[in-house]
Amino acid sequence: VSRRSGIMFGMLTVNACIISIFIGMVMIDGNVRYEMLNRVMTGICYALGVLLTELFGEYVFSVIKEENKISRWLPILLRTTCGVIGALDLVSIFNGMYFSTVNGYHVRGPLFVYNQVFVLVIMIIEMIYVLTRIRLIGRDAAALAMYGFFPLVSVILQIFVKEYVLMYPAITLSLFIIYVVTYINQTDIIKRKNTELTKAIEETEKSKKEAEKAN
């Protein structure tokens with residue numbers, strides 16, 4: 001539970017950073033003097049988005065690991081893939097392959113679609129992984145599936161709707177859903193354990209009284 005909580009805190013923190021940077025990008029967009037800053041902030045935003053996708057996979061692994069072992073190569077493969085994609089996002093700050101600025105305004109680069117497809121493929125794989133392990137994941141499966149579904153749809157729409165950035169709000173909504181469902185589930189687990197503990201104490205006291213009565 002502590003590992004899950006740590007990863008969830010990391011996801012919320014990264015998401016807060018993305019939203020903050022994105023607001024900054026909107027504020028300076030169109031200002032020629034801040035073109036380079038616009039590109040830097042965009043690259044960081046893209047890279048943090050990939051990090052968030054990676055952390056979601058880590059969160060899924062942590063949930064499954066509580067009930068069953070997972071292959072060691074899965075987290076390594078996820079981290080390596082996301083690391084490469086994130087590095088390419090940062091490289092795009094300088095070569096403009098994914099994004100650039102024209103007259104101070106943010107524009108998509110010639111390879112923007114490939115960037116979105118990379119993220120899309122990872123999200124699809126993560127969602128399939130969740131859906132094929134519903135029994136192991138249990139009550140958290142619905143929330144995790146929603147986390148995959150909303151950003152998945154937003155990325156697809158974002159490829160065709162050029163005027164809007166839809167992925168970040170979708171991720172924020174999905175994180176909120178996961179946080180609420182996880183909180184409710186953890187509360188239920190604690191409540192059930194407390195009930196079991198109370199029952200065990202009562203049975204112990206009852207056995208103690210019966211033993212004293214017998215003596």
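Predicted model: local features only at pLDDT ≥ 70, side-chain atom pairs only at ≥ 80, totals over all residues.
Helix 3 (73-95) and helix 4 (112-131) each give at least two residues to the nonpolar patch.

Y114 counts as exposed because its relative accessibility is 51%, and the cut-off for exposed is over 50%. Other residues of helix 4 are buried, including F112, N115, V119, L120 and Y129. How far apart are the end C-alpha atoms of helix 4? They are 29 Å apart, which agrees with the 28 Å that 20 residues should span at 1.5 Å a residue.

Now for the rings. The structure holds two aromatic pairs. In one of them, Y46 and F99 have ring centres 4.9 Å apart and planes at 55°, so this pair is tilted. Y46 sits in helix 2 (residues 35-65) and F99 in strand 1 (residues 99-102), so the pair ties together parts 53 residues apart in sequence. Y46 is buried, at 12% relative accessible area, and F99 is buried too, at 0%.

F61 and Y129 also form an aromatic pair, an edge-to-face one with 5.6 Å centre to centre and 90° between the planes. F61 belongs to helix 2 and Y129 to helix 4, so here the parts tied together are 68 residues apart in sequence. Both F61 and Y129 are buried.

Key
Residues numbered from 1 in each chain as written. Heavy atoms only, no water. Helix = DSSP H or I, 4+ residues; strand = E, 2+ residues; numbered from the N terminus. Buried < 20%, exposed > 50% of the residue type's maximum accessible area, 1.4 Å probe, protein only. Expected span 1.5 Å × (residues − 1). Phe/Tyr/Trp six-rings, centres within 6.5 Å; stacked < 30°, edge-to-face > 60°.
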